[in-house]
Amino acid sequence: MAKRLLVTYALWALGGPVGLHHVYLGRDSHALLWMLTLGGFGVGWLWEFWRLPGWVARANASQEPQPRGPEPPALSPVRFFGQVLVGVYFGLAALIGLSSLAGFYLLALPLAVGLGVHVVSSVGDQTSDLGRTLAAAFLTSPVFYGRALAVLPVSLTASVTAQQCRHYKPCRGPRQTLRARLYHLGLAYLAFTAPLAYCAFCNTAATARYTADTISAVLGWLRVFPSLGSFLEQLLLLPYRAWRLLTEGAGFGAGSFQEWEKVYEFVQSFQSEQQQLAYKVLGLRDGAPMEEIHKSYRELVKLWHPDHNRHRAEEAERRFIEVQAAYESLVQPRKAKPA
């Protein structure tokens, strides 16, 4: 049956973040990726608006993939970045849902990261060698045993291996029925979400503490990028604020939801602690007006500028960066407030 562009755009608009338009076009790997990442974290869903006509034309050109030559597909920096990002995402999901398992860093973590990388590798008309991708992940993971940051080097190694082993998908027989395709997509989705759901509702306190520790570490790294850190904090607080609006006054705040409420309250408290530290760096009292902030910032920037402190360059550079970060963390929230 010929695919229609209007139907594709309608499915993209109504169910794009869960991959309905990709199911319609027979792009099951892409549909699974969108289901697990909510449309590539929203960015991928919006970006593919311009690519839909080409995908519809390709779906209508032939019911089976055209034979390809022996040369591999062209190297794609976008695909490589997606492999690393989704590999890290799968690894973090495994850390939250499966970290209590024995041998987690030797088995579950590299398996999750490798599968995440391979899902991105299989989008479109190309794929990679799953065995070699998993082997790279399993060989890298023991080097960073016991460290939560292991997800990044493991994902990078698996992504490089997947790019080296990329090739076009072979021609296959008749396409599966829609029921069979949806069944396989459903199984893959359940395999990803079941451990997370179990930990969220059956092991809530430990999972909430682990999530809070992870958020604390990430926000701590972003202290040198106040604008990015502030954006991430606001993004993390959105679900909490929406939940409070929906449940306030409905008697819906007991049990496991109280543990997750603590996580979001922790993020909120992190903002106030960050502001108090910024006032201290600038030598101001809490709640100082904007005029005093500007004045103190100008004075301290002149005082600690590295060009004026060549005899203590290392200390001056550190203080200079601290002053800039403190100033941005105080100015950015006030800019966001309506006048």
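Close-up 1. R181 is buried, with a relative accessible area of 9% (buried means under 20%, exposed over 50% and partly exposed in between, using a 1.4 Å probe and protein chains only). Helices here are DSSP runs of H or I with at least four residues, numbered from the N terminus. This is a predicted model, in which local features need pLDDT of at least 70 and side-chain atom pairs count only at pLDDT 80 or more, while totals for chains, interfaces and linings use all residues. Residues are numbered from 1 along each chain as its sequence is written, and side-chain values use heavy atoms, leaving out hydrogens and water.

Close-up 2. Another brings together the side chains of R310 and D307, at 3.9 Å from N to O. Here R310 is exposed, with a relative accessible area of 68%, and D307 is partly exposed at 45%.

Close-up 3. The structure holds eleven aromatic pairs, where rings of Phe, Tyr and Trp (its six-membered ring) pair if their centres lie within 6.5 Å; planes under 30 degrees apart count as stacked, over 60 as edge-to-face and the rest as tilted. The rings of Y89 and F192 have centres 5.8 Å apart and planes at 35°, so this pair is tilted. Y89 lies in helix α6 (residues 77-98) and F192 in helix α10, so the pair ties together parts that are 103 residues apart in sequence. Y89 is partly exposed at 26% relative accessible area, whereas F192 is buried at 14%. F90 and F192 also make a tilted pair, because their ring centres are 4.9 Å apart and their planes stand at 50°. F90 is in turn buried, at 9% relative accessibility.

**Close-up 4. An aromatic cluster and two charges over rings.** Y9, W12, W45, F49 and W50 form one aromatic cluster. Elsewhere in this view, K3 lies over the face of Y24, at 4.9 Å from the ring centre, and R27 lies over the face of W55, at 4.2 Å. A charge sits over a ring if NZ of Lys or CZ of Arg is within 6 Å of the ring centre and within 35 degrees of the ring normal.

**Close-up 5. The largest nonpolar core.** This core has 22 residues, and those with the most contacts inside it are L25, L33, L36, V86, F90, L185 and F192. A nonpolar core is a set of buried Ala, Val, Leu, Ile, Met, Phe, Trp, Tyr and Cys residues joined through side-chain atoms within 4.5 Å. Helix α3 gives the most to this core, with six residues. L33 touches V86, V119, V120 and V123, not counting residues up to four places away in sequence; contact means heavy atoms within 4.5 Å.

How values were computed. Salt bridge = Lys/Arg side-chain N within 4 Å of Asp/Glu carboxyl O. Helix = DSSP H or I, 4+ residues; strand = E, 2+ residues; numbered from the N terminus.
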